[in-house]
Amino acid sequence: MSLDHLRSLEASSIHVLREVAAECARPVMLYSIGKDSSVLLRLAQKAFYPGPIPFPLLHVDTSYKFREMIAYRDQVAASLGVRLIVHTNHDALQQGVQPFAVGTQRCCGLLKTRALLDALAAGPFDAAIGGARRDEERSRAKERVFSVRDRHGQWDPKRQRPEPWGAANTRLGAGESLRVFPLSDWTELDVWRYIEAEGIPVVPLYFAREREVIVRGDALIVIEQPFVPLRAGERTQRVCCRMRSLGCSPCTGAIRSTASSVSAIIAELQAARSSERQLRLIDHDEDGSMEQKKREGYF
Amino acid sequence: MPDLLRLCTAGHVDDGKSTLIGRLLYDTRSVPDDQLAAVRRASERHADGIDLSLLTDGLRAEREQGITIDVAYRYFSTARRTFILADTPGHEQYTRNMATAASTADVLLLLADARHGVRDQTRHHARIARRMGVSAFVLAVNKMDLVGFDEAPFRQIAASFAELLPDAQRIAIPVSARLGDNVATPSTRMPWFTGATLLEVMESIHVETAAATAPFRMAVQLVVRPAPDFRGYAGQITSGVVRPGDRVTVWPAGREARVARIVTADGDRAEAQAPMSVTLTLFEDLDIGRGDVLASTPMHSDPRFAATLVWMDEQPAVPGRPYLLKAGTGRVLAEIDRSLALNEVADAGVTVARRVAYDSYADSRHTGSFILIDPATQFTVAAGMVNHPIQGDASATSRMAVAERLTRVAREAHTDTQAVEAVCRVLEEVL
C-alpha cells in the first residue's frame, strides 16, 4: 500500500463531502471524537478550502464518554472555529439510565440512538455525515455511501439504493433523511496511515501508557464511572494499555499494548490478529446486534 | 501496474462463492481471531469444521436463508497488492447488485461448480460485467474435490468459458474452496494443472487503467467563493492531467478558458491528475456552475442519445414518463423510449430536457455513465451507459413528450384554475 492509495481514498472522500454540501439542504457532520472523526474533519477542511466547512458538527454525548475525549473535543472545536452542537438525552439520564442498570442494549437505544434521532429532528438536518467504515463490522460491509433512513431514522437493508459508479442519489422522500459515509472504503490501517501522513492530532487514549484497569477476560476496563461494579475477586491493577476504538468508558475495553506513537500503532496493527470493535461490548450483545441497532436508527 | 485491484464476484448460490471468499480471507490471514472464533462457534451445526461462508454473509436474513442478498465489500491485502472485493449475490433477483459491483470493478471473479459447469445465471452476469467495462475475467472451477480432482470436467468448463468471452482476458483455475486447493496454496492433488493459484493470479493480473492517459475531464461539483476576489471550481478529476496555463473547454456551453491555478489545502500544484479532488481557478470570468464539465477535448451534448440501461427498480420503466438523469454532477429531466423490467439490460433512446455534457461509455466509465432516479419514489431505478449521441434537429428531437402534453393541456384550459387542475392530472398520471 503506497501513499497513492491513501491519496485516492482522500480524493474520493472529498468528492463525497462536496456532493453532500452541494445537494443537501441542511447537512451536519457527526463528530464522535475518535480517530475516524478526526480524519473526517481533516477531509472536510480540505474539501472546501479556501472556504470554511459549510456545516456544523454534532456530538451525541451520552455523558459516559471518557473525560479525555470531552476535553479534546472542546479544544478541537475551538481551534477550528466550527460550530459544535452537543446533544444529550437528559431525560433518560435523570431516570438513571446507565449500562449496568438497564442493560447495554437499552442504554445505547436511549443515550445514542434516541439522542441522535432527536438531535437530527431538532436541527432539522436532512443529512448526517459519519465516519463509519465498511471494514468495521459485517452489516456495515453492506452499507451504501449515501444511505437512506425512513421517517423513524431506520435502515432497511433490502431497500437500499444501488450506487453504480459511486453515483450519489441524495433525493429524499417525505420524512426521509440521509446518512453519508465518506470513509466507507477506508480500513483501520488506512486511517492510521493517513493520521501519520497528515500529522492529525488524536485523543491521547489511543496511545499506550499505564492505566488503572479491571482485567476482565481479554478486555481491560478503565475505571471512570462509579457505577461499574467489581465482580467477586476482581481488583483494579495498573496495566500498560491503549484504546483501539473509543466509545463509552464502561462499555469499551482497552488492549494490552506498548504502542505509544502513531508509527508504533501502525506496526502493531500490521501484526494484529483481532478486530477493532472486538472490545465494544455493544456489538456482541446478540447475533447480528449491530444490524439490529442500525435498523433501529443507530449510526 | 496499479497497487489496488477492484474485484467483483459472480456465481450461483450453490457454487460455493461465500466459501471461496471466506477461504481467500482466511488464507491471506485477513480474518481477525475474534471473528474467526465467532464463526467457529456458529459453525457447530456444520459437520465438517469451520463454515467459511459465515465470514462473509453480513445480514441476519442472509445467514438464516444461507444466501447472499446484497453486495458486501471486503478489504484485504497481501505484500503485493491491496484488494477491494465486491461480493455480489448470485441469484437472478439481485442482478442489479451485481451490475453495481461490476461498474467499478477491474476484474470479474466467476465461479462454477465442477459438476455443473458455468450456469446460465453466471453467464448472464459475465455478459453484464463485460458490458459494464470489465476487461479481465478469472474463472474458479470450484468443488474439484467432488469430481475426484479430475482434469476432464475442468477442461470442458474452461472451453465453454472461452466461448462465452471470446475477446476478453481470461484465466481458468481448478479449485476446492472448502479444502483450499489452488486458492492460496498450490494443490498437490491436481498435478495436471501447472498454472498459478487464484491468489497469485489476483496479485499479478494486468488491467488497463486509462484514467491518467485519457483526455482531461473534471465535472464541477461546487463553486467555491469564500472572498470576492476568489472564484474556484471544485471537482474530482475523472481522467487525464491538468496544469496551470492549459486550455480547457467548458461543456455543454462549449466556451474556452485557461486554467490559472490548481488550488488545494496543501498548496497550489503545478500539475494534477485523475483521481485527485482539486479546485481550479480560470483566467476568464465565465458563468460556470455545478454540472458543467471542464475538458481538454470535445464532449457530446446532443439532447438525444442511445444508451444501454440496466433496470434496477421493481416498477418497470415507462416510456414517456419523466425521470431525473444524473450524469457526473449534472441533473436533468429525461425520458426513455421503451419499457424495461427489473434486472433487464437493454438498449434505449434517451432524451434530456436540456443539454448536458457526456462521452460514450467506451471512452469513459465516468463521463459516459449516468443513473436515472424516479421522482415519485426517489429510488435509483437505472444504471445507464451512453453508446452514441443521436444527432438531429435539436429543437425537434429534444422536446419531451410529457413537457409537450403539459404545455398543450395548459394552453387548452380556459382559466388558470382549470390549467392547474389539468397539469396536476397529467403529472399524477405520468408519475
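How many residues of chain A are in contact with how many residues of chain B? I found 46 residues of chain A in contact with 50 residues of chain B; two residues are in contact if their C-beta atoms, placed from the backbone, lie within 7 Å.

I note that this is a predicted model, in which local features need pLDDT of at least 70, side-chain atom pairs count only at pLDDT 80 or more, and totals for chains, interfaces and linings use all residues. Residues are numbered from 1 along each chain as its sequence is written, while chains are lettered from A and ligands numbered from 1 in the order in which they are written.

**Entry: the side of chain A that touches chain B**

I looked up which elements supply this side. α1 (3–23) and α2 (35–48) of chain A each give at least two residues to it; helices (H or I, at least four residues) and strands (E, at least two) are DSSP runs, numbered from the N terminus. α1(A) gives the most, with 11 residues. I then sorted this side of chain A by class and recorded 15 nonpolar, 17 polar and 14 charged residues. Ala, Val, Leu, Ile, Met, Phe, Trp, Tyr, Cys and Pro count as nonpolar, Asp, Glu, Lys and Arg as charged, and the others, Gly among them, as polar.

**Entry: helix α7 of chain A and its partners**

I took α2(A) with α7(A) (residues 188–198). Their axes come within 10 Å and cross at roughly 50°; axes are lines fitted to C-alpha atoms, for helices over the stretch in contact, and angles run from 0 to 180 degrees between N-to-C directions. α2(A) is therefore oblique to α7(A). Angles under 35 degrees count as roughly parallel, over 145 as roughly antiparallel, 65 to 115 as roughly perpendicular and the rest as oblique. In α2(A), K35(A), D36(A), S38(A), V39(A) and R42(A) meet V191(A), Y194(A), I195(A) and E198(A) of α7(A). By class, I recorded four nonpolar, one polar and four charged residues in this contact.

Next I examined α7(A) with α8(A) (residues 262–271), whose axes come within 9 Å and cross at roughly 160°. The two helices are therefore roughly antiparallel. On the α7(A) side the contact includes W192(A) and I195(A), and on the α8(A) side it includes I265(A) and L269(A). Seven nonpolar, one polar and three charged residues make up this contact.

**Entry: strands of chain A**

I followed β9(A) (residues 236–242) to its partners. Six bridges join β7(A) (residues 209–216) to β9(A), and the two run antiparallel; two strands pair if DSSP finds at least two bridges between them. E210(A) has C240(A) as its bridge partner in β9(A). β9(A) also pairs with β10(A) (residues 253–256) in the antiparallel sense over two bridges. There, R242(A) stands opposite I255(A).

**Entry: chain B**

I counted 10 helices and 21 strands in chain B. The C-alpha trace of chain B spans about 80 × 55 × 40 Å along its principal axes. Of its 431 residues, 46% are buried; a residue is buried if 20 or more other C-beta atoms, placed from the backbone, lie within 10 Å of its own.

Which strands form the closed barrel of chain B? The barrel has six strands in the order β16-β19-β18-β17-β20-β21, with antiparallel pairing. From one strand to the next the twist averages 45°. Within this barrel I inspected β20(B) (residues 369–373) and β21(B) (residues 380–389), which pair over five bridges. I373(B) has T380(B) of β21(B) as its bridge partner.

How values were computed. Buried ≥ 20, exposed ≤ 12 C-beta atoms within 10 Å, placed from the backbone.
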